[in-house]
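This report describes the fold of one protein chain for a reader who is new to structural analysis. Please view the sequence and the structure below before reading on.

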Amino acid sequence: MKKEENSLTFEASLKELEKIVTELEKGDGSLESQLKAFEKGVGLSRDCVKRLEEVEKRVELLTRNSQKELQTNPWPENS
């Protein structure tokens, strides 16, 4: 992935990925431009997945109890 893409926040990466998907669904543009957009989208997708996995690991570490067992709690509901 290019350095500029890697510096995007998760939210910015996801928004850019959604924009690319929308453009690809239209089918406009040359084959070459669509391929470049697809390649960029794959990179953004991989980056988003990697970031989500990292967050999941951090949350898991933070929710372990003193016996090192994973303790899951229900997500608080909006009242």
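In this predicted model, the axes of α2 and α3 come within 9 Å and cross at roughly 145°. The crossing of these two helices is left-handed. On the α2 side, the contact is made by Phe10, Ser13, Leu14, Glu16, Leu17, Ile20 and Leu24. The partners from α3 are Gln34, Ala37, Phe38, Lys40, Gly41, Leu44, Ser45, Asp47, Cys48, Arg51 and Leu52. An α-helix has 3.6 residues a turn, so residues three or four places apart point the same way.

The buried residues of α3 are Gly41, Gly43, Leu44, Asp47, Cys48 and Arg51. Of the 79 residues of the protein chain, 13% count as buried.

The protein chain as a whole holds three helices and zero strands, in the order α-α-α from the N terminus.

Confidence is lowest in α1 and highest in α2, as the table shows.

| Helix | Residues | Mean pLDDT |
|---|---|---|
| α1 (lowest) | residues 3-6 | 54 |
| α2 (highest) | residues 10-26 | 96 |

For the protein chain, the mean pLDDT is 85, and 76% of the residues reach 70 or more.

Terms used
Residues are numbered from 1 along each chain as its sequence is written. This is a predicted model: local features need pLDDT of at least 70, side-chain atom pairs count only at pLDDT 80 or more; totals for chains, interfaces and linings use all residues. Side-chain values use heavy atoms; hydrogens and water are left out. Helices (H or I, at least four residues) and strands (E, at least two) are DSSP runs, numbered from the N terminus. Buried means under 20% relative accessible area, exposed over 50%, partly exposed in between (1.4 Å probe, protein chains only). pLDDT is the predictor's confidence in each residue, from 0 to 100. Axes are lines fitted to C-alpha atoms, for helices over the stretch in contact, and angles run from 0 to 180 degrees between N-to-C directions. A crossing is left-handed if the near helix is turned anticlockwise from the far one by less than a right angle, and right-handed if clockwise. Contact means heavy atoms within 4.5 Å.
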